[in-house]
Amino acid sequence: MTIHTIIDCTFRDGGYYNQWAFERTLVQNYISVMAETGVDYVELGFRFFAGDKFMGPCAFTTDDYIRSFDIPKRLGVAVMVNAADLTNYPEGPAAAVHKLFRQRADSPVQLVRIAAHFREIVKLEPAIHALAELGYLIGLNLMQIGERTPEEIVELSRVASDLPIEALYFADSLGGLDPSDVSNIIASLKAHWSGPIGIHTHDNMGRALANSVEAIRCGATWIDATVLGMGRGPGNVRTEYMLIEMNRLGIGKYNITPLLNLLNKHFVPMQREFGWGPNPYYYLSGSYGIHPTYIQEMMSDPRYGQEEILGAIEFLRTNGRDSYRRSFLDASRNLFTGESRGGFNITNWAQGRDVLLVSGSPEAERHKDGVAAFVRRANPVVIGLNLTKVLPDELLTARAACHPVRLLMDAAHYRESPVPVFVPVARLDASVRGSFADVKMLDYGLTVEPGAFEAESDYAVAPAPLVAAYALAIATAAGARRILLAGFDGYFGDDPRSHEMDAIFDVYGQSAKARPLVAITPSRYHVPQTSVYSPDL
C-alpha cells in the first residue's frame with residue numbers, strides 16, 4: 001500500500017501575516033490537534049538568520065523553542081529555509097547549514113525543506129549534502145513551476161536524482177495551474193526522479209483541492225496543507241478539506257473533529273483579521289498569471305476600490321498575459337526598454353538642497369507629525385511617492401510616479417491635487433495619458449536597465465521600474481545635497497521586494513553622481529539611518 005505524507009505548514013506559511021509571532025497556547029493546542037488528526041508532520045516555521053528587524057519565534061523555530069512544547073512522538077517536526085539564505089551566506093551554503101542546524105540526533109527536527117527557484121538548485125548542492133551528512137530528511141520545494149517548460153522540468157528531475165533528498169516538491173506559486181497541468185508536471189518530474197513527489201497548491205482559482213487530489217492520482221505522495229488555508233493572498237489547500245478527501249479516497253483514516261474545533265476557535269477569527277482566502281480578484285490573477293501579491297497589496301490599501309482593482313487587472317491582461325506570468329514589477333520591465341527622454345529639464349531644480357522622499361508606509365504614518373515638523377523647520381524639497389497622504393499637499397514640492405498600472409489606478413486622485421507630478425510620459429499607454437490630461441505633469445524620462453543607474457537632465461536609467469528608484473534619479477539629477485528617506489520601512493522575512501530595493505540602493509551607491517542617503521524613519525533596508533526628531537538632522 002502506498003504511504004502518503006501530509007505536512008501541515010500553517011505557522012510557516014501563515015506567519016507572513018503576524019511576523020511569525022503566534023501565541024504559545026495556540027501553538028501547543030495546534031500541535032496536540034495535529035497529532036490527533038493523524039497528520040504526519042507540522043512545519044512550525046522558518047529558520048531565518050538573525051536580522052535587524054523583529055520577527056516572532058516561528059521565524060527562527062530554534063531547537064530550544066521546539067523543545068519547549070509537548071510534541072507527541074508520532075508527529076514529525078519540519079522547518080523550512082529559503083535557498084537564498086543559504087546560497088548568499090558569506091562563507092558558503094554548507095557553512096550556512098552548520099550555522100542553522102546541529103546534528104539530527106541532537107535536534108527535535110526530522111525534516112528540513114528548502115524553498116528554491118530553478119536557478120538556485122545547482123548552487124544549493126553543498127547545502128543539501130551538508131544537511132544529509134547531519135542526518136536530516138530533506139525536501140526540495142520548486143517554486144513557480146508553472147513558469148517552466150517541460151524540458152526544464154525534465155532536466156531538473158535529472159539534477160534532483162543525484163541529490164540526497166527525500167521528496168521533490170513543486171509549488172503552484174501563481175495559483176494558475178489546473179489538474180491537467182499538474183498531471184503534465186508530475187510526468188516530467190518522473191522522467192528521472194523516482195522518489196516521492198510532493199505538491200504545494202495555492203487557491204487563487206479554487207483549484208487547490210482539485211490539483212492536490214489530481215497530484216495524488218498521478219503518484220504524488222507528499223501533500224502540503226494549512227488550517228483554513230492560511231497563507232499569503234488566496235491561501236492554500238485547506239487541511240480539513242484535504243483530510244476529508246483522503247478519507248473519501250480510502251487512503252487514510254484522519255480524525256477531523258478536533259481540527260474543526262481548533263479552526264473555529266482560533267483560525268476563523270484570524271481569517272477575519274487578516275483576510276486571506278480566494279475571491280474574484282485572486283481568481284483573475286490566477287487566470288491571467290498575475291502574481292497574487294499584487295492583488296494582496298491593492299486589497300490592503302483602502303484607496304483602491306473595486307473599479308480600480310479591476311481596471312489594474314484589465315491593464316495587466318491586455319498588455320500581454322505571457323509577459324505577466326511573474327510578479328508585475330519584474331514583468332513590467334519590458335515597458336521601459338530603450339532610451340526615453342523627457343520634456344522637462346531638471347537641472348538645478350533642487351541645487352544644493354536636501355531632497356526628502358516620502359512614502360506612505362506604516363512608519364511614515366506613525367511619525368508623520370515629526371516629518372511635517374522637520375519639513376517646516378528645514379524646508380527641504382519634498383517629493384511624495386505615488387499618492388502618499390503622509391504630508392498635506394502644501395508641504396509637497398512634487399510627487400513622483402512611474403508605473404503605468406499604478407498611474408492608471410491613481411489618475412482620478414492626481415486630478416484632485418494641485419501638486420505637480422513627475423511622470424515618464426513616453427512610457428504611458430495612450431489611455432493613461434488621456435487620464436492625466438488635467439494633471440500638471442513634469443515629464444522626466446525613465447529607462448530600465450538591470451544593474452545600471454544614471455541620472456541625466458531629462459531622463460534616468462534605473463535597475464527597476466520602481467517609483468523609489470525613479471525618485472532617487474530625480475533628486476540626484478536635480479542637484480540634491482543629500483537625499484532623505486521617510487517611509488522606507490522594508491519588508492519582513494525573505495520578501496523579494498526587500499532584496500530588490502536593497503539591490504537598487506547598492507547600484508545607486510556605486511553610481512558616479514550618487515548623493516548621501518539617510519533614512520529618517522525606521523527602515524529595514526541597508527542604508528544609513530538617523531532620526532527625524534534629531535535637532536542635528
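Predicted model: local features only at pLDDT ≥ 70, side-chain atom pairs only at ≥ 80, totals over all residues.
Residues are numbered from 1 along each chain as its sequence is written, and side-chain values use heavy atoms, without hydrogens and water.

Helices (H or I, at least four residues) and strands (E, at least two) are DSSP runs, numbered from the N terminus. Buried residues (under 20% relative accessible area, 1.4 Å probe, protein chains only) of helix 10 include Thr 239, Glu 240 and Leu 243. The buried residues of helix 10 pack against strand 1 (5–8), helix 2 (24–37), helix 9 (208–217), strand 8 (222–225) and helix 11.

## Helix 10 against helix 11

The axes of helix 10 (residues 239–248) and helix 11 (residues 257–274) come within 10 Å. They cross at roughly 165°, on a scale from 0 to 180 degrees between N-to-C directions. The two helices are therefore roughly antiparallel (over 145 degrees). Thr 239, Glu 240 and Leu 243 of helix 10 make the contact (heavy atoms within 4.5 Å) with Leu 259, Leu 260 and Leu 263 of helix 11.

## Helix 5 against helix 6

Helix 5 (residues 93–100) and helix 6 (residues 121–134) pack at an angle of about 40°. Their axes are 7 Å apart. Helix 5 contributes Pro 93, Ala 94, Val 97 and His 98 to the contact. From helix 6, the residues include Lys 123, Pro 126 and Leu 134.

Note on methods: Parallel < 35°, antiparallel > 145°, perpendicular 65-115°, else oblique. Buried < 20%, exposed > 50% of the residue type's maximum accessible area, 1.4 Å probe, protein only.
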